[in-house]
Amino acid sequence: MERLNRFFYKTYTWGYPAGIRRRNRFAKPGYAASAAIIAAAIFGMNTLQTTVYQLFTLLAALFIFALFSSFRFRARFRAERKLPTIATAGEKFSYTVRIENLTDKKQLGLIFQEIPNLRFPTYDEFLLAREPGELKRNRWDRAVKFHRFQWLMKQHIRISPKEQELPEIGANSYVHLYSELTPHRRGILELNGVYIKRPEPLGLFKAFIQIPLHDRILVLPKRYPIPSIDLPGTRKHHTGGVALASAVGNTNEFHSLREYQPGDPMRRLHWKSVAKTGELIIRENEDEYFVRHALILDTFATEPTTNRFETAVSIAASLACTIRTQDSLLDLMFVEDKAYCFTAGRGIDHTAKMLELLACVEPCTDKKFPDIFPLVAEHAALLSGCICIFQTWDDDRRKLAELLSARGIPAKILVVTEGETIEPSDRFSLHIIDAASPEEGLAKL
Amino acid sequence: MKTPPLLLAISILFWGWQTGLLFFAVPMAVGIELHRLVKKRWEMNRADWSKVTDFSAILLLSVLAHDLLQDEKQLVYAVGKMLPLILLPLIIAQQFNLSGKTDIAALSLLERKKKTSVDRYPPADISPAYFIAALLAAGIGNDASEFYFPGVFLLAVWALFSIRSRHFSLGLWAALIVLTGSTGYLLHTGLHVLEEMMYEYSSRMLDYDPNPFKTTTAIGDIRKQKLYNFILFRVKPETIPNENLLLCEATYNTFNSRTWYAMNSPAADLKPTAIGNWTLHETDQTPPYSVRIRKRNPKGRVILKLPPGTTEVQQLRTAMLQTNSMGTASFENPQKQLLDYRTVFTAEPSNQSPPNELDLRIPDAEIAAINRFSDQLQLKTKSPEQVVKILEAHFANEFNYSLDHKGKGKQKTPIANFLLERKAGHCELFASSTVLLLRYCGIPARYAVGYVAAEYSPIEKHYLIRQRHAHAWTRVYLNGRWHDLDTTSGNWLEQDAENETFFRRFGDFGSFLSFQFQRLRESDENILGKAAAALIIILIALVANRLWKQKRKKKAVETEKTVELEIIRNGLDSAFYQLEKQIAEKGWPRAPAEPLFDWAARLQQAAPNLLNYESLNRLINLHYALRFSNTPQITAEKLQRIIDELNGQVK
């Protein structure tokens, strides 16, 4: 089976570029002509019975001349993109491309297409990943894993570039082409260049040239509409909270005055007292109490790429955008190559940064779920409440929920499933969210 | 990829014209283009598409059922011909669908059940597919029409015009189209020629005799049949009854579509009466006729070519001979030996088994046509002898011999077309029709295949039997005996000979040579062996002579080389070398490989008073002349004189 899987993997990785070359070479009428040739060859095989062989020879001549006239395309172009810095998975973004004709000849009837970076899944990924709805496929499809490979390629390439007609470009002139792309998946979208294609005179095939043009764009996770959620928990005392102070909340509450000590910031000088006494007097404020929530993302997966994980990331992104962070803090905690805790809110950092982080988070396949416990325990004292986004509900996850409960941190637990049933818990209220339709589950939050 | 307006309708009319279904095609074309007049559109969902697909499936089943009822043998072609009608509901539904496309997933029962999403099989425009189907169906259903290629070409040009690339000029496009059309035409005519060449080649190379139990005729082919002039075998007449002697290979009793079978006629081994002698049929009187048949390199299973009423085969080199009740005799010839045997015969096909019910059977598909034809001639009311005479006369007067089948015809079967419509055909049609007509009148009849010995070569003193002499005729049972009845109209032999070319003579000569060669090789006197021994002796003598001559030539060349070397050596003892030695001893040696003139120039610069450099240069010239000219003696004397002069000068 191992050998067979390797064979499939090699065949697909070889066949995928061949498929691209075929699509670049064939125009739609070319496919129709090919199908017609095959049909004519079958029906015209017996030349004593039918005259279809005459159609076959006509089509064969057409095919040969069209193919030969599609081999030469010597025009030269220069291209330049104006891309946005970020995009969102599943949402169309638009940009412009400047195409310059470097020849002394007018160019018309050309086709433009983006060249994405062709990154193949690794063999392990091919072996372990599971396409959404794969279990519903028939045995043959499941065995050959062709659809899985196609799905993985779509996830890796992130876009499905479409052909677009180029307007007429005058000799040594340029045009601005307005183009649109829809990324399928979060992460870094890499564009390697553009194709300029020219259909041959008969319109069956295309000649094409590639213009290298490398660009990158960050694709943020897909976000779902989430109703305003009532997050659990109360304000907590934050030692050193002053460092996080802004002009909002309790930070301006006066506590006492004292003499200047080296290291005190100048902005804390109480100028009125300084004027009165002639000494440097420092104003002391109340210690700070504010709300700090944790968003714990369960990144632990047995498979490299799953729809479940992507949904969990999207939910985390949606929550990060929804929770108002002007007067509270939000800690995003997850484990990838190590345990991360990223704080946003109260001017420390923007939610946008958190989304950028989530855009690049990858599933963690080499660690166990309990690796996140120390991180949570470290921050537990400061947390007012917690939202956990789990990919399953098992003993380890239950332990984390119990740990939070023992520390008196109220938690909202979301479990992303792929159709499987989760046993309801007596102690914890679980929000089950189906990866196939997360909007439904999130609306019930 | 939309097809241009009216293209589909015109394609359908073309299909109707080519297949003779114009009656269907006109309303179909109107239906396809109706959406241009009726502006109303519907938004069709999966369920609607499923219903339309079901309707198409019903049409397909109806066509299949119709073809099965009509006893159609080639269902694929029959269904292919009706493709435009079968796909009509789909194309009309697409024209009236709001999106102008077809839900592809609905075409598959499996995908329909799975409720496959639109993303997986996006809706597609099927009009190009329908256009191709119309062209295919026109090709499948036409009568070898000469208008098919021009029609298809024009329609293809129309379709291609709409998708041409704007990048190129119209002139270039038109040039490519003309080139494509001409190449397509040349290719299809070339394909035809190639196919005939292949057929001729395979006929020559394989040269297998027919299967004694089954023979497939060319009945039903739509194109002109091709005959070839190459020689298959030779017949040496000893005593023969008439000029056009029939040589039968096999006789068959059951007809189906286009194939004749020898049913209930198992092969049985025959025992020789003497070495090489095989009695096929016992007779009281001595048969009056005999011929000798010779065939070169027969391969595999050999069927004996037997004149009618062959009683005995003599001098046949085989260990086993098999015969069946139809008088067919065959044997295995793995060694590809020359076939050379003598037959004695009575000229009446007496070696046939008595008639049985199979000799009266007519296929159901043919009954209607046979009945109609028989009624026209009122055959049922006539005696068997009269029937035979009427048929002979009618076929001779009212029918023509033709190898051109001119398409499929309007009748259901090729036999019906031959009898009721065309009244022209080749021998297989005449023979098969005669058999069926005789059977219809209650006269047992069989179908025989073989050759006619009609071309006598006075040079070879043999009848030459060519591929075009292959023939089919009828064996009829009258008055308790079997008779041969050849109803093929008129001068078919002359007509077939019309395509003879001048080059045929070369082929005949080659065939004669190889035939004689094989005869010699396999003759009992071993003439070929003796000739080969003589040839080897001559060859050895020739080779020896050549070798001796070569040796002499080599010797002469070596002598020449020695002379050449001596001449070269002449210059090496030039007196100049002594002078060079003397100058070297004075302290001015010549550097290795230093040219003499360079050396002289160097000396002149370094020691201008050493010697007379003008003389030295002259001397060098003479030395070179001595070394490389053809007159060394003269130059050697001059050289010595100058050296002597110089010797006095060297200080």
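A helix axis is a line fitted to the C-alpha atoms of the stretch in contact, and the angle between two axes, from 0 to 180 degrees, compares their N-to-C directions. Keep that in mind for the helix stops on this tour of a predicted model.

**Stop 1: the whole of chain B**

Of its 651 residues, 33% count as buried. Among contacts in chain B with a separation of 6 or more, 77% link residues 24 or more positions apart.

Now colour by confidence. Chain B has a mean pLDDT of 82, with 87% of its residues at 70 or more. Which elements of chain B have the lowest and the highest mean pLDDT? The lowest, 70, belongs to helix H21 (residues 632-649) of chain B, and the highest, 93, to helix H5 (residues 83-86) of chain B. For the model, the scores are ipTM 0.74 and pTM 0.60.

**Stop 2**

Select residues 7-19 and 22-33 of chain B, which are helices H1 and H2. Their axes lie 8 Å apart, at an angle of about 175°. Since angles over 145 degrees count as roughly antiparallel, H1(B) is therefore roughly antiparallel to H2(B).

Show the side chains where they touch. From H1(B), look for residues including Leu8(B), Ile12(B), Trp15(B) and Trp17(B); from H2(B), Phe24(B), Met28(B) and Ile32(B) are among them. By class, this contact has 13 nonpolar residues, one polar and one charged.

**Stop 2: from H2 to H6**

Met28(B), Gly31(B) and Ile32(B) of H2(B) meet Leu88(B), Ile91(B), Ile92(B) and Gln95(B) of H6(B). Five of the contact residues are nonpolar, two are polar and none is charged. You have already seen Met28(B) and Ile32(B) in the contact with H1(B).

**Stop 3: a four-stranded sheet**

Next, find the open sheet with the strand order S6-S11-S12-S9 in chain B, where the pairing is antiparallel. Strand S6 (268-270) and strand S9 (301-303) of chain B are the edges, each pairing on one side only. On average, neighbouring strands are turned by 35° against each other, direction ignored.

Zoom in on strand S11 (residues 321-323) and strand S12 (residues 329-332) of chain B, which two bridges join. Which residue of S12(B) stands opposite Gln322(B)? It is Ser330(B).

**Stop 4: a loop residue**

Select Ala575(B), in the loop between helix H17 (527-570) and helix H18 (576-585) of chain B. Is Ala575(B) buried or exposed? Ala575(B) counts as buried because it has 20 C-beta neighbours inside 10 Å.

Set aside the neighbours within four places in sequence, and Ala575(B) is in contact with Leu639(B), Gln640(B) and Ile643(B).

**Stop 5: where chain B meets chain A**

Finally, show both chains. Their contact takes 39 residues from chain B and 33 from chain A. On the chain B side, helices H4 (75-81), H8 (127-141), H9 (148-163) and H10 (170-206) each supply at least two residues. H10(B) gives the largest share, 12 residues. Colour this side by class to see 23 nonpolar, 11 polar and five charged residues.

Terms used. Residues are numbered from 1 along each chain as its sequence is written. Chains are lettered from A and ligands numbered from 1 in the order in which they are written. This is a predicted model: local features need pLDDT of at least 70, side-chain atom pairs count only at pLDDT 80 or more; totals for chains, interfaces and linings use all residues. Two residues are in contact if their C-beta atoms, placed from the backbone, lie within 7 Å. Ala, Val, Leu, Ile, Met, Phe, Trp, Tyr, Cys and Pro count as nonpolar, Asp, Glu, Lys and Arg as charged, and the others, Gly among them, as polar. pLDDT is the predictor's confidence in each residue, from 0 to 100. Two strands pair if DSSP finds at least two bridges between them. Angles under 35 degrees count as roughly parallel, over 145 as roughly antiparallel, 65 to 115 as roughly perpendicular and the rest as oblique. A residue is buried if 20 or more other C-beta atoms lie within 10 Å of its own, exposed if 12 or fewer, and partly exposed in between; C-beta atoms are placed from the backbone.
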